[in-house]
Amino acid sequence: MIDQLVQSKLVLLGEMGSGKTSLVQRFVRGQYYENQESTIGASFFTKAIPEKHVKFEIWDTAGQERYHSLAPMYYRGAAAAIVVYDVTHPASFDRAKKWVLELRQNVQNPNLIIALVGNKVDLAEDGARQVPEADARTYAAETGLLFFEASAKTNVNVAELFDEVADRLPRAAAPQQPAGGIQLSEQPTPVPAKSSCC
Amino acid sequence: MAIASSRTAFTAALLLDRRHAANTAAITAVAVDQAGCRLYLGLEDGVLEEHAILHSSAGVRASLAARKHAAKKAILSIQLLAAHGLVLLLSEDGAAQLLDAETLEGQHLPLRHAVAMCVAMPPGRPPRLAVATKPGRKSIRFVVYELVPPAAGTAGGTYSSARQLPHPQLLAQTEVPDASSAVNGMAWVGGQLAVCAGMRYLLVSPFGPPAGGNGNGSGGTAGSQWQELLAVPQDLAYSPAMLAAVPELGRAVLVVGPAGIVVDAAGSPVGSTVRLEGLGATPRALASSGPFLLVVSEAAIHVFSQDSGTEVQRLDFAPGLRPAPGQTLHAAPAGPASAAGGRGGNGEAGGGGRTGCVAVAGRRLVWLCMPVSAADQARELLGLREFEAAEELIERGLLQGAAWALVAAAQAALLLLHECRFEEAVRYLDRCPPSTFQPRQLFPLFPSYTAAWTGEHAGQHRQQQYWGLHSPLPSLESLISQHLASTTPQQQQQRFPQQQRSTGSRVQMSASEASRFGPPQGSSSGSSGLFGMDVDGSSGGAGSPAGSASPAAAAGRAQGEAGLQRDQHQVEPAAAAEQNEQQQPGSREEEHGGRRRQLQRQAWEGLVQYLFRARMIAGVQCLEGVDTLLLLLLADLGAARQVAAFAAVPNQVDAAAVEPRLAAEQWHHALATLHAARGEADLALRIWRQVADGQLASPAGPEVQAAEQREALDSAAALLRDPVACPEAALLSNLPWLLAVSQAAALGVLTARKLQPAAVLPLLPPASDVRWRYLAHLVAAEEAAGVPADPQLHTELALQLAAAILVADPLLRLPTPDSSATPRRRVTGVPGERSGTSTGGRPPSRPGSSSAGGTRPLSRVGSRSVVVGGGGGRRGSRSTAALVSGGGVEPAAGASAVDAMRLRLRAHLEASNAFDAAAVLGSLQGTGLHEELVVLHAQAGDHMSALRLLALTLHDVAAAEAYARCWLVPGDYRALLHLVLEPGPGLEPRWGDACYLIASLGDHLDPQEVLQALPPGMPLAAAAPVVAPMLRDRLHRRRQAALVKNLHRARLAAAAGLRCDAESRHVAVDEERACPYCHLRLGGKVFVVLQPGMGPAGSSPCAGASATAQHAPAPPSASAAAAAAAPVHGIAAGTASQQQQPPSPQQQRQQQGGEAEEGENLPPPGDDGLAVAARALQQQLADNQAPQVLCYACFRRLGGQQQPAPDALLAPA
């Protein structure tokens, strides 16, 4: 029975092609597609983890730079953020660092959980690794991030990543979503009457 | 207009072609009313045209209805408020007009430089109009009017116009700094305004800052009335910024390059992005209609689903009508619906129109996009087997309670059955009530199982056609064969990912998706506790042997193993295809067979789930056939445990139809359960008896067989316990068998039901445990019911208990001789307590000769539970049974069965007054059940016999002493002493016990009797152990008495002293008594009695004469007494003096100070006599002489400076 689930907004950020959508697809649907299309804008998923009393509202953002200006809409009000980089592309790791910095600067939630995820670790076995795990782990430790090396393709550390984020959530109260909808108590602002000269 | 894509959400038709019209002015604005009956066009020359839209079977066409030159310049926007009969115009010259829809006459709004406007109809309030004006280059001003109806305007005293147009009442206005050249669009989003200004999107709150503050905007300041949602980046600026309102949801769609972002009233994104990247052209206009978003590009009109963000339909422009590149296009959704009658969905409207229409206009062409009803869309999608898209529509229809959705669900289920997508089909079937879909409609899938009901319900069994998209259901085998034959191996391989994708998308969509379908997806284990089937073949439990005699069941289990692999199957399309190419032909055949079995098992599992849920819904027809089919499908699945569970619940299974199958499967327990549930107790019991006796054994191993036998026995016992399911005759006929198999089970049955004892008792073996327990149950039931006790039952219980004890412990058949030197072990109720040998330090028994004790009857005293005080040994309030048991009558933990039975017998003998004492006594005499005999004698009042048993047979003189205290009067204690001194012929006197009794009951016994009983020639050494304790006891008693006597004397002396002291304080005042100072008779005057020992200061006249008011000591307050004519004894004075508290140190200091002061001050002249008298009085009191009596006047003169307390004075009587 799913009851008393705490809804938590989770946003995935990272360089284009780092595997954000694949991670989410693996987590939500248990599937992996070799030729995943690029995300346009953002994709929305939900996934409940009943045993942890958490329901994730996952925003998978587009990694292309041209969509960068849209990201604040998605990570604003988030309780957790997963910053993804590709272990075979050092540039994506640098981009991930910028995302972390941007999150630190722009998100007002002091309890925001940020997880740094090195994806495509299955390729590291073939010698394609370009980002040493130690470097990423050190950076994560220095900046207070959760750190995982995962593979959406081989389903390594994907569930563990989200479980760990879910475990951290109860200690980090998710900020209240901005009030939406129609304000029922809305009262028109009285317009001051024009003063006349006579 | 050509229609692309597979779904028809809208149909589009060219409504108006103005290319050859007389007025060739280009269209600059378009609007259509909610009903789709009126079209308004704004032209570049300021002309407003109203066209009537005529819907007919041939299509739609527009007919010019009115035309007016409304503005000097091009009309940029037309807003309709059809419910209020209003048309609002915005022209290029910055003027906004409010027109009457009938006459197109109206008035200008009092503003200038208007660049955009939008209307909203908040519920319960007048329409609201927002106008954006651009008074300067660096800001935008937003003005909000409320269009108050004429009546309200009149009531307010502000007549708007002669045309009774609403009065625009200014509600709010705010100004936003903005340097963009134009406002491309504006829409109400809840109480906010979403504004597209240049290449950025703003959220303006004209009524004040939103409750959430400035949380979402990057522009503006905290608490301001606007915020910037986002600015379109330069990379995405190839597509113009535009927005569309979704008024039904209070949202807006913002176009950012190839993405359409849906935001809510807080500016937060909602749902997935609308993917516009596949348009192939630049979007030029937007409009929302129901759940769809229409995007107009130069190539086509694209219909997107707002839920999924994907394009569902494309309406291409005809080649000759295609807009020119860069041409301005307009899209206008139907005007806002009124709060009362508006409908957001698609459907027919009154007057032949359609709600949800969207008008699309180019420069001179106008198309009308008309929504297709959801039912038609679903029908089309189902016809195209687009189940995923159809599901979305069906679910929405079900949520809205639409009748067509039920039909669509049933239709989809049948189509999915034909596709062998059983799980999905069952999910649809679960949504269909019996009025839409009857479970019997599935009977054709299993013709061999349902043949009996197919003919019976031939009239009703006709397949419903619904939308006629499916063919009649063949048998399941044929269905699967056809499916396998029609699909290639690659398609079969790809089936899984396809199903998984469809499943995943449901997970993705929203939270409500998860609860959309009743049962969970994939596995059947979570949907029903009864049918949470295990697919690992272990569902049989005790009643399900591993091997089965039925080939069908064996095949079902094999299929179950194959089904396990399904859940773990993760096929990736490319890899699957690659593997498929490498497969050998032989393996393909095997896979084909495996796939068949897999599908078959899926069908069984899914339909079993459905049938079990459906059969419990009211209105299901042919329930007998449904239940029978359900049970047989469970048998096909090899789920013996579930079969038995289903058989146990009330059902209408045709037992004759399933019995051969269950018998063939050797599921005897299930078959018996089925018979039992149907009220056929004899049949059920017969099967269970055969199973329990091993006559019907499964071919499984010994452990399984043993489990089956236990289960059969338990089930039979459970059935026998049920008075409704099993009549008494059936019980009695099976009781001997049950007794032979399990007496415990038999006892459980006998005690669970109310039976005739006369019929039951002859069946119970004598002296058996079950017999006396049943009798005990009957006796307890008698007591509980409050009916008079049946002597026969009570006697029988005692006799059977005694017999059972003797059977259980044959040694008890032999009596213990009285001469035995070793006391018999006694049954105790308290762990560790063993009575009979511990006698509190009394000397050990030793044999001696004595005559028989007296057997005279003793009078019974008091109640059975007597509180006995004094003496040694066991004492207190105890029943005889507890006394002889050494504690309580409840068996202790770890007590043996014999001990428990003996305790039970004692308790019964003591508690019951109804049994035949003589008969019970006859059965107990001559046995070793001495304690029970004690209880029996006590009940009969033969206390001498009881004492003899205790003291002589059981050698428990302490128990005998306690018994005597309970039952005998003290005068009869001698009988016990005589009993131990003269135990009878051949028995030695028990000197030690006698000494113990003398010590315990010494107040009532004479030691001389013991001494006299000693043999005359007894050596002193032999008599010493007897005499010495008695002498010690007597000496102790004498010393104790002397001590008590002297203590009493001391108390008497103290009391006499107190009396003397009290008498010395007595004062007798009579009429002759005179005051010793004034020598006047006291007579009737008030007088004062001063007791000796009172403080000198208290009566110091010097102190009273010389002290100040603060330091003056109070006169003795409690020593005054009044004298009357009659002599008065001043006892009160003495008492009062005892109550006077000694002076505190402070008072003493004051007194000392007073004395010192007295020494320093000279006495007043003329008072020397009084001072002497006062000192004399003080001296007398200090010397503890006799009390002094003086009149009150002298008392005052001598020292009283203050009035004594009134209560200290006794007025003359």
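Predicted model: local features only at pLDDT ≥ 70, side-chain atom pairs only at ≥ 80, totals over all residues.
Residues are numbered from 1 along each chain as its sequence is written, chains are lettered from A and ligands numbered from 1 in the order in which they are written, and side-chain values use heavy atoms, with hydrogens and water left out.

Strand S11 of chain B spans residues 114-120. Helices (H or I, at least four residues) and strands (E, at least two) are DSSP runs, numbered from the N terminus. S11(B) pairs with strand S12 (residues 128-133) of chain B in the antiparallel sense, over six bridges. Pairing requires that DSSP finds at least two bridges between two strands. Six of the seven residues of S11(B) are buried. Buried means under 20% relative accessible area, exposed over 50%, and partly exposed in between (1.4 Å probe, protein chains only).

B:Ala287 lies in strand S23 (residues 283-289) of chain B. B:Ala287 is buried, with a relative accessible area of 1%. Leaving aside neighbours within four places in sequence, its contacts (heavy atoms within 4.5 Å) include B:Ala244, B:Phe292 and B:Val358. B:Ala287 and B:His330 are 43 residues apart in sequence, and 9.1 Å apart in space, C-alpha to C-alpha.

In helix H7 (residues 476-486) of chain B, the buried residues are B:Leu476, B:Leu479, B:Ile480, B:His483 and B:Leu484. Seen down the axis of H7(B), they fall within an arc of 125°, so they line one face of the helix. The arc is that of the directions from the helix axis to the C-beta atoms. On the other side of H7(B), B:Ala485 and B:Ser486 are exposed.
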